[in-house]
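Work through the exercises below with the sequence and the 3D structure at hand. Each task is followed by its solution.

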Amino acid sequence: MASDKPHMNLAVIGHIDHGKSTTVGRMMFETGAVPAHIIEGYRKEAESKGKATFEFAWVMDNLKEERERGITIDIAHKRFDTPKFYFTVVDCPGHRDFVKNMITGASQADAAILVVAAPDGVMEQTKEHVFLARTLGITQIIIAINKMDAVKYDEKRFNEVKKDLTDLIKMVGYKPDETLFIPVSALQGINIKVNSPETPWYKGLPLIAALDTFKEPAKPTDKPLRLPIQDVYSISGIGTVPVGRVETGIMKKGMKVSFMPANKDGEIKSIEMHHEEIPQAVPGDNVGFNVRGIGKGDIRRGDVCGPAEAPPGVAEEFTAQIVVLQHPSALTVGYTPVFHCHTTQTACTFTQLLKKLDPRTGQTKEENPTFLKSGDAAIVVITPTKPMVIEPVKELPQMGRFAVRDMGSTIAAGMCISIKPKQMR
Ligand SMILES: Nc1nc2c(ncn2[C@@H]2O[C@H](COP(=O)(O)OP(=O)(O)OP(=O)(O)O)[C@@H](O)[C@H]2O)c(=O)[nH]1
Ligand SMILES: [Mg+2]
């Protein structure tokens with residue numbers, strides 16, 4: 001479905017059973033994305049299977065095992081609209097065994113809703129998800145303090161949980177005074193679409209209206225051009241046509257460009273999007289373009305196109321902050337899995353383990369650890385086995401995030417803090 005509204009990827013995160021799926025199901029119902037008769041059907045079915053109250057969660061939990069166990073295992077994508085945005089919502093699992101799925105979900109998101117159950121307050125995966133969300137670059141967050149019905153809509157309990165959350169989010173770098181805290185009952189539909197009489201003491205926005213306070217993800221046109229190559233075609237009568245998505249900056253006709261790490265230069269002759277020639281391409285545009293001076297064999301997937309005067313950075317080695325999701329034993333110096341970063345997949349070696357961090361606070365736990373295991377966060381030095389473009393997230397967030405994979409599973413996720421540039425010319 002096309003839309004004129006700006007698009008936002010929204011992750012819903014938080015501890016197991018705190019009501020993430022129910023919140024998403026409820027928002028989809030209230031925005032008209034799911035009709036009432038579907039919910040009613042789920043309600044009857046859930047009740048007959050001894051899973052009463054899961055009718056809204058079932059909008060998101062489609063797997064048989066998810067419904068039987070009453071938990072989310074895999075991430076699910078659904079769409080709904082608010083007056084300002086259209087959202088793709090990524091419902092993340094809270095169970096600790098499925099944190100890797102949560103990471104995949106969070107790494108796709110522009111913003112997040114953190115769901116915290118009022119009776120429990122801050123729990124283990126509340127902390128872990130908040131830290132991961134921040135590590136993975138989610139800068140905008142709204143907090144729904146859920147299950148307010150279960151604490152009789154008590155303002156005092158709301159304020160206690162809000163206080164603990166304020167401390168938590170401040171610790172990882174979110175600004176509490178710019179963050180909305182909303183008392184809700186996803187199950188009862190309280191403060192979701194409109195403010196309800198159950199919480200007369202709450203004067204803020206209901207949840208759905210709060211989502212429209214998110215800022216549209218910026219189009220970083222003021223940064224240097226970065227266009228990671230997805231494919232390279234040779235078209236008769238035209239020449240070499242690389243294709244890819246502009247991540248940052250602007251590509252213009254006539255521009256002199258460099259491809260790294262191929263270390264080839266060319267000039268943009270034409271740019272095409274949706275089979276139409278366009279004078280320039282901006283972040284988010286998927287384009288094909290024709291370059292003078294480049295042969296088909298000169299560049300390939302994983303190379304990055306940038307301005308000749310500010311070419312993409314190639315790393316001799318780089319320092320990164322990572323979170324280890326799962327490793328069968330222990331991750332040590334010498335380990336060489338595949339790093340997935342923009343469009344490149346490059347084998348890289350862990351050459352130094354500088355420090356282990358507390359995944360909940362980001363504080364240093366141990367200097368120069370001898371190994372890392374599942375659940376650890378760390379600062380490490382990585383040496384690519386062949387030249388690759390990667391850049392510090394502080395400068396170009398789109399070029400600095402990566403996933404580490406080995407034998408079909410995700411081992412870690414992280415971001416580049418700094419690079420030791422390789423001299424290319
Ligand atoms: N009383 C009350 N119960 C709720 C509310 N929201 C959710 N629940 C219940 O909490 C249980 C878990 O809800 P889910 O939505 O599956 O929780 P979740 O956070 O998605 O769980 P995972 O995905 O497994 O981490 C279900 O029994 C829901 O009915 C609420 O507002 N009030
Ligand atoms: Mg769930």
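## Exercises

In the protein, 70% of the contacts with a separation of 6 or more are accounted for by residues 24 or more positions apart, a contact being heavy atoms within 4.5 Å. This is a predicted model, in which local features need pLDDT of at least 70 and side-chain atom pairs count only at pLDDT 80 or more, while totals for chains, interfaces and linings use all residues. Residues are numbered from 1 along each chain as its sequence is written, chains are lettered from A and ligands numbered from 1 in the order in which they are written, and side-chain values use heavy atoms, with hydrogens and water left out.

**Exercise 1.** Compare the radius of gyration of the protein with that of a compact globule.

Solution. Start with the rule: 2.2 Å times the number of residues to the power 0.38, the radius being taken over C-alpha atoms. For 425 residues a compact globule would come near 22 Å; the protein has 23 Å, which agrees. The C-alpha trace spans about 70 × 55 × 40 Å along its principal axes.

**Exercise 2.** State what share of the residues in the protein is buried.

Solution. Buried means under 20% relative accessible area, exposed over 50%, and partly exposed in between (1.4 Å probe, protein chains only). By this cut-off, 53% of the 425 residues are buried.

**Exercise 3.** Is α1 largely enclosed or open?

Solution. Of the 11 residues of α1, 10 are buried, so the helix is largely enclosed by the rest of the structure. Among them are K20, S21 and V24. Just after α1, G32 takes a positive phi of about 85°.

**Exercise 4.** Describe the surroundings of V12.

Solution. V12 lies in strand β1 (residues 7–13). Its relative accessibility is 0%, so V12 counts as buried. Leaving aside neighbours within four places in sequence, its contacts include K20, V24 and V89. The C-alpha atoms of V12 and V89 are separated by 7.3 Å, although the two residues are 77 residues apart along the chain.

Key:
Helices (H or I, at least four residues) and strands (E, at least two) are DSSP runs, numbered from the N terminus.
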